[in-house]
Amino acid sequence: MRLLSTLLLTAVAAPALAATPEEVTTHYADLALAGYQDSLTTAQALQRAVAALIATPSDETLAAAKTAWLAARVPYQQTEAFRFGNPIVDDWEGRVNAWPLDEGLIDYVSAGYGNEENQLATLNVVATPTFTLSGNEIDATAITPALIAETLHEADGIEANVASGYHAIEFLLWGQDLNGTEPGAGARPFTDFATGDACTGGNCDRRAAYLQAATDLLVADLTEMVDNWDTDGPARAAVTTDPQAGLLAMLTGMGSLSYGELAGERTKLGLMLNDPEEEHDCFSDNTHNSHFYDGLGIRNVYLGSYTRTDGSVLAGPSLADLVAAAEPGVHTQLKAELDASVAALQALKDAGDSGRTFDTLIAPGNAEGEALIMAAVNALVTQTASIDRAVTALGLSKVDFEGSDSLDSPEAVFQ
Amino acid sequence: MRNAHQMIAPPAIPRLSPPAWGRAGAGGPVALALTLLLAAPAAADTSAVVQDHARPGYDAFAKAAATLATIDGCNPDTLRPAFHAAYDAWMQVAHLHLGPAEAEGRSLAILYWPDPKGLGAKAQAALLTGTPLTPEAMAQHSVAARGLSGLERLLYPTGTLPADPCPLIQATADDLARMGDELTRDWLPFGDLLLTAGQPGNEKFLKPEEATQALFTQLATGLEFIADRQIGRPLATFDKPRPDLAQGHAAGRGMQNITLSLQALRDLTQKLNPDSPKTLAAFDRAITLARGIESIDSIADPQGWLKLEILQQAVRAARDTAVAELGPALGVELGFNSQDGD
């Protein structure tokens, strides 16, 4: 495996041996499959750790479950580059990584918590076995994956009602981070999962049931996505059947994640709001890692290379090969800019690893934090312009891809 | 999870554009010198947008915000007309998510909306009861508490405010006026960058088409924002319409904001390429439909709800028509935009 990777990496470095769009999109689908497989295996490890926590609540089993959650984020965040541009992924994504959430829907929160736009922001399903939702009586005496997915998630059509996925699990493991923009993450005690008189926070059995069900649901959702990228999977077909459409999806994934999502929604907006709840992993204070692996995932797609959780490297024909052959100047600039954004995100990661987590960096008046954050934002925005240039260099057309039905028959859009 | 249409850019046949010598002077001496020295002139479509759409739009907003800030006292009845004038003016340029409006989070601070987590009310409550604010201090605070949405909560409160809002109203209006001035100031050099796209030394827009693409992208994105957010949020579901989630609802601006946004994007279309009959017709259809809905609150009734849904379809049709008609005509593809993502 290592030898093969080395050979392939050598090929990447020599764009004269230009890959074909067919080879590049097939390899891209292989990268996605590997990324979701790694996400699934790390989620299964989380599932085992959660079962151990519930069976024997202790500081140690809670810490082990948190460690498993953090490990599961590493491969998953690198798959986010596969999301935009492929509706099969994007339509599914809200189940596993929706954010930000009104966590009071799920469990107890501090006094004064609320959201004027969301009447369910303080529902607290853990403490409420039956309740009324949109006029319907809901029986939540058994907390199951189906209840979470079909009844609670996005209840009332409100997107802040996030009942499933990584962040719901994160909240149940860490609890609310009540430190504001000061250091420190959520500090849920393991006794929130204890039985009998040792139980804190009330309804420990229901909290444990919710955590187990949400984790089981995550594993099921990731299994579905692995299947989607397998040999005959629809997500694979969506990018390989028409390689030109596949290349467009690849660059769309890179560009939309770089700019609107990671630079904008998840980073700059948090800074502009100075609100620690506006950080992606707000309970665990793991945002610096989530952002770093997002950025790495964007570069992975371009370079056609992914380092798996077991340390092996999957490398092959890449977008970089195609862009370098089509327009070397665009390739050189984009590659340098991708390296620069990964470096800027690495600086954020280093700060977080040394205790200066994202929520402390966005404190009002933290000039050093603002500089670190804006360096990452600017690097991501800068590379987006070159991703646009790569689209043009490869002669890809979103307009053509959408079709021109609306011009030929304006009424078609009303169908 | 919040969906956004993805967009990408295309190949395209470069369009030959007439020179724009005569217009470059508006960019100031540097731009003039650049334009005189350098080869490729800006495309006519770009210069019309810069000089007849964006710059005058920001100028008008700056003036309206300054007028609002100079009003003495805090009587809501006195302030509301100037507040609406400033809001109206912002609607003419709110769709331009590039350059100075993106810098320092200005467009977020001028109109933070939507606010699905209710952060504005929360942050503003802290400011209301805290120490009095200078405009400088205001600029450091959460964008959710500032700008037009912040003023709307103070001028159209839904309950009793926890403290005298007067100092905060003044600080918010001053902050708004300051940002208006900065936008006007910074659009001179930024406009020059658009006008000198592709010329040596311009590292932002490496080819003339890149400037055109940036503006064309604002058009499509702006229409998506109207359909998905300005209309989509109040429309919600047939069973549970949410007129209260409309932009500017407390100030009674729900439909007005939609209509003004459509008109502003129609103007952008006309400046980008006056020869866009299908797109302009699609805009006219949507604007007529919007005018036919008197109040956003009418969507509480099934018939009113359906009217708004038809408008949403018309706006999406205008977006698709614009992409299909203007893209090839301008020789550019859609680019990525700051509204992509959730």
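In this predicted model, helix 3 of chain B meets helix 7 of chain B through P76(B), L79(B), R80(B), F83(B), A86(B), Y87(B) and W90(B) on one side and L148(B), L151(B) and L155(B) on the other. By residue class, this contact divides into nine nonpolar, no polar and one charged. Helix 3 spans residues 76–91 and helix 7 spans residues 147–155, with axes that come within 11 Å and cross at roughly 155 degrees. Because angles over 145 degrees count as roughly antiparallel, helix 3 of chain B is roughly antiparallel to helix 7 of chain B. The crossing of these two helices is left-handed.

Turning to the domains, chain B is divided into domain 1 (43–188) and domain 2 (206–342). Their C-alpha centres lie 22 Å apart, and 23 residues of domain 1 are in contact with 29 residues of domain 2. On the side of domain 1 that touches domain 2, helix 2 (44–70), helix 3 and helix 7 of chain B each supply at least two residues. Helix 2 of chain B gives the largest share, six residues. The residues of this side of domain 1 divide into eleven nonpolar, six polar and six charged.

As for annotation, an unreviewed UniProt entry assigns "domain: Imelysin-like" to residues 57–278 of chain B. That span is 62% helix and 0% strand, and its end C-alpha atoms are 25 Å apart. For chain A, UniProt lists "domain: Imelysin-like", again from an unreviewed entry, at residues 32–386. Here the span is 60% helix and 4% strand, with end C-alpha atoms 23 Å apart.

How values were computed. Residues are numbered from 1 along each chain as its sequence is written. Chains are lettered from A and ligands numbered from 1 in the order in which they are written. This is a predicted model: local features need pLDDT of at least 70, side-chain atom pairs count only at pLDDT 80 or more; totals for chains, interfaces and linings use all residues. UniProt positions are given in the numbering used here, feature names are shortened, and annotations may be inferred rather than shown by experiment. Axes are lines fitted to C-alpha atoms, for helices over the stretch in contact, and angles run from 0 to 180 degrees between N-to-C directions. Angles under 35 degrees count as roughly parallel, over 145 as roughly antiparallel, 65 to 115 as roughly perpendicular and the rest as oblique. A crossing is left-handed if the near helix is turned anticlockwise from the far one by less than a right angle, and right-handed if clockwise. Two residues are in contact if their C-beta atoms, placed from the backbone, lie within 7 Å. Ala, Val, Leu, Ile, Met, Phe, Trp, Tyr, Cys and Pro count as nonpolar, Asp, Glu, Lys and Arg as charged, and the others, Gly among them, as polar. Domain bounds come from an automatic or database domain assignment.
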